[in-house]
Amino acid sequence: MSQFLNSKFSQLIPYTPGLQPTDKTFIKLNTNESPYPPPANVVEAVAKSAESLQLYPDPSATKLTQKLAETFGVSPKNILLGNGSDELLAYCFMALCENGAVFPDITYTFYNVWSELYGVEYKTISLRENFLLEITDYAKEEGTLFIPNPNAPTGIPISNKEIEILLQQNPNRLVVIDEAYADFGNTSAIPLLKKYTNLIVTGTFSKSRQMAGARLGWLVSSEEIINDLEKIHHSFNSYTVNRMTQAAGLASLDNEAYFSDCKEKIIATRDDVLQKLSDLGFAVTPSKTNFIFCKHSTISGETIYQNLYDAGILVRRWNAPKIKDWLRITVGTPKEMEQLLTELKKITDRT
Ligand SMILES: *Cc1c(COP(=O)(O)O)cnc(C)c1O
C-alpha cells in the first residue's frame, strides 16, 4: 500500500472476480457467461457503431432506453442504463442506503464489498435450511434490502407474491431485486412497479444476452428514484455506456428469436445436467438460472474443484464455511456439459 491511499480504504477487501485465464484454454464454467456467441446482427451493429468512435456516446442512451422500455412495458423515465448492472447496484449502495443495507448471508459477494466501499452499515440474514430465503426474517429490517432473484450462487428463486410481502412489510424501506438470472425461467418483478414505489429491479445483458464483454445493465424503478440515480450517474461519469455497447444492446433487443433460442437451450441443458448430477450422487438446488449449485455426498468441494481444474474445466467455489463443499457450475453447451459429467464420473469412481 502506498502512503497516498486514503486511510479509510486501507482495510478494503475487493471483490474477487472469477478467473479469466489467458495461459491455458479451459472449458470455462466459472463466471456464468453465455456459452453461445452474440448473434450476427449484434456483431454487425458493433462494427457499424465503431465507425463513429470519434464521437462521445449519447449519455442518456435514448434509443436503447426507449427500446428497453417497450420490451418491459414501462416508460423510458423508469429506466437507467449502466456499465453492467454492477455500476447501477453500486449507485444504490452509494446513494440509497441511509439506513444501511440488508441481504442474505449467502448471496452475491459484491454486496458487502460495495457496503464497505461506501461506508454503508450492513447486516446479513441467514438463509434457512436448504438455502431457502424466509421473507418473515426480513420483517423488522429497516435497511435497504438487496435480494438477487433467483439468488446467487444458490439458483433458488422467491415468488412475486413473496416480493410483494417484502414491499408491504415497510413501505418506507427500499427493496432492490437483482434479476441478473431472471430470464432463465423465473418471473420478473417489474410489473410490481405499478403498485409499489419502494421497489428497484436490476438486470443485465451479461448472462442471458451473450454480452458480458460489452458491459450493459439496466435498472427499473419509479421516476423519482431514476432522477435521483441520474444525478449520481452524471456526478460520476456520464459516458459509462459506450457507443458500441448501446448499438449492441439495441441489436440484441431486435433479435428476440436468437435470445429465446439460446435461453431455451440453456434451460434444457440445465435440467438435463441437474438430473445426471443427482444420479452421480450430487445434491443439487432447484436452480432457475444458467448455473448449477451442487455438492457431492462424500467428496470435498476442494477436491472436485482441483480435479476438474487439472482436467481443464473451470468452475467456481467459495471458501466460506457454509458452502465450502458446494460448486457453482455455469451451464455450457451440451458438449461441454458432457465433458464435465465424464470428468465428474472419473472423479467419483476413483475417490
Ligand atoms: C453477474 C451478476 C451481476 C452483474 O452483472 P453485470 O455483468 O455487471 O451486469 C449482478 N448480480 C448478480 C447476482 C450477478 O450474478
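Buried, for today, means under 20% relative accessible area; exposed means over 50%, and partly exposed is in between, with a 1.4 Å probe and protein chains only. With that in hand, look at strand β5, residues 144-148. Five of its five residues are buried. Both faces are covered: T144, F146 and P148 sit on one side, L145 and I147 on the other.

A word on the source. This is a predicted model, where local features need pLDDT of at least 70, side-chain atom pairs count only at pLDDT 80 or more, and totals for chains, interfaces and linings use all residues. Residues are numbered from 1 along each chain as its sequence is written, and side-chain values use heavy atoms, with hydrogens and water left out.

Now the strands around β5. Helices (H or I, at least four residues) and strands (E, at least two) are DSSP runs, numbered from the N terminus. Two strands pair if DSSP finds at least two bridges between them. β3 and β5 pair in the parallel sense, over two bridges. A101 has T144 as its bridge partner in β5. On to strand β6, residues 175-178: four bridges join it to β5, and the two run parallel. Here F146 is partnered by V176. Between β5 and β6 the chain passes through helix α5, residues 160-169, in a right-handed β-α-β crossover.

V102 has K123 as its partner in β4. The chain gets from β3 to β4 through helix α4, residues 110-117, and this β-α-β crossover is right-handed too.

Next, the ligand. Which residues are around the ligand? They are G84, S85, D86, L89, Y108, D178, A180, Y181, T204, S206, K207 and R215. Near here means that one of a residue's heavy atoms lies within 4 Å. Helix α3, residues 84-95, gives the most to this shell, with four residues.

Now the polar contacts. A polar contact is a pair of N or O atoms within 3.5 Å; within protein, one must be able to donate a hydrogen and the other to accept it, and residues adjacent in sequence count only if both atoms are side-chain atoms. A polar side-chain atom of Y181 lies 2.6 Å from a ligand oxygen. For S206 the distance is 2.6 Å as well. R215 has a side-chain N or O atom 2.8 Å from an oxygen of the ligand. Taken alone, the ligand exposes 380 Å², and the protein buries 94% of that. Those areas come from the Shrake-Rupley method with a 1.4 Å probe; for residues, only the protein chains shown count as cover.

What about disulfides? A disulfide is counted as a pair of cysteine sulfur atoms within 2.5 Å. By that rule the count is zero. C92 is in none; the nearest cysteine sulfur, that of C97, is 7.4 Å away. C92 is buried, at 1% relative accessible area. C262 is buried, also at 1%.

Two last stops. T65 is in helix α2, residues 62-72. Buried or exposed? T65 is buried, at 8%. Its side chain reaches the backbone oxygen of S60 at 3.2 Å. A283 lies in strand β9, residues 282-284. A283 is partly exposed, at 36%. Its C-alpha atom is 5.2 Å from that of K295, twelve residues apart along the chain.

Methods: A crossover is right-handed if, with the strands pointing away from the viewer, the path from the first strand over the helix to the second runs clockwise.
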